[in-house]
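Here is my note on the chain you asked about. Keep the structure open while you read.

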Amino acid sequence: MRRLLILLMIVIVFLMIAIPLDLFELSHYYDVSMVCFGKDCFEVELAVTPAEKNMGLMERESLELDSGMLFIFDTMGKRSFWMKDVRIGLDMIFIDDNSVVVYIEKDAMPCTGDCPFITPDRDYMYVLEINGGLSEELGIRVGDIAIMRAAG
């Protein structure tokens with residue numbers, strides 16, 4: 001019995017080392033389908049993989065008023081976004097690991113060619129992209145709390 005327990009502990013330690021920790025940290029966010037600020041909620045598509053993050057909302061002709069895209073990163077940090085080949089104006093809401101809005105880029109406009117980078121001066125872990133002007137219209141501000149949840 002003692003050998004079995006030791007073997008089981010070795011297997012558990014091996015699995016903890018072999019499986020990337022970010023899978024444990026992010027797995028509960030893969031079922032996020034809504035991001036809410038008070039009573040105002042957005043149904044979101046997730047951008048988790050590098051390919052999804054690179055594509056973002058490029059080539060989209062429109063976005064429903066209550067929809068958005070949530071970019072999920074595995075750690076806090078400063079990263080740059082741009083609007084290259086995006087066809088609609090967007091608000092980008094940058095959110096930290098405590099679900100606090102740390103920066104909002106309002107009315108980021110579509111761009112082709114040499115596009116400026118959008119790089120907040122605060123670390124963040126999530127970015128919610130919604131239709132341009134909505135954050136102002138709904139009163140979403142830096143310091144607000146974003147509630148991420150599954151629909152239903």
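This is a predicted model: local features need pLDDT of at least 70, side-chain atom pairs count only at pLDDT 80 or more; totals for chains, interfaces and linings use all residues.

The points below go from the overall fold to single residues.

1. **Overall make-up.** The chain has 152 residues, and 39% of them are buried. Its secondary structure amounts to 4 helices and 7 strands. Starting at the N terminus, the order of elements is α-α-β-β-α-β-β-β-β-α-β. Trace that order in the viewer before going on.

2. **The largest pocket.** How much space lies in the largest pocket? The figure is about 230 Å³. The lining of this pocket consists of 14 residues. Lys 53, Asn 54, Phe 71, Phe 81 and Trp 82 are the ones nearest the centre. Two elements give two or more residues to this lining: helix H3 (50–55) and strand S3 (67–77). H3 gives the most, with 3 residues.

3. Sort the lining residues of the largest pocket by type and you get 8 nonpolar, 3 polar and 3 charged.

4. **Trp 82.** This residue belongs to the pocket lining and is among those nearest the pocket centre. Trp 82 sits in the loop between S3 and S4. Is Trp 82 buried, exposed or partly exposed? Its relative accessible area is 35%, so Trp 82 counts as partly exposed; the range for that class runs between 20% and 50%. Now look along the chain to Cys 115. Trp 82 and Cys 115 are 33 residues apart in sequence, yet their C-alpha atoms are 6.5 Å apart in space.

5. **Arg 79.** Arg 79 lies in the loop between S3 and strand S4 (90–95). Arg 79 is buried, but it has no salt bridge. The nearest side chain of opposite charge belongs to Asp 74, 4.9 Å away. A salt bridge needs the charged atoms within 4 Å. Another is the backbone oxygen of Gly 77, at 3.4 Å.

6. **Leu 134.** Leu 134 is part of helix H4 (residues 134–138). Why does Leu 134 count as buried? Its relative accessibility is 8%, and buried means under 20%. Leu 65 is 69 residues away along the chain, while the two C-alpha atoms are separated by 8.2 Å.

How values were computed
Residues are numbered from 1 along each chain as its sequence is written. Side-chain values use heavy atoms; hydrogens and water are left out. On a 1 Å grid over the protein atoms alone, a cavity is a set of points where a 1.4 Å probe fits but cannot get out, and a pocket is an open set with protein on both sides within 12 Å along at least five of seven lines; lining residues have an atom within 4 Å of a point. Grid points are joined across faces, edges and corners, and a volume is the space filled by probe spheres set on the points. Ala, Val, Leu, Ile, Met, Phe, Trp, Tyr, Cys and Pro count as nonpolar, Asp, Glu, Lys and Arg as charged, and the others, Gly among them, as polar. Buried means under 20% relative accessible area, exposed over 50%, partly exposed in between (1.4 Å probe, protein chains only). Lys and Arg count as positive and Asp and Glu as negative; His and the chain ends are not counted. A polar contact is a pair of N or O atoms within 3.5 Å; within protein, one must be able to donate a hydrogen and the other to accept it, and residues adjacent in sequence count only if both atoms are side-chain atoms.
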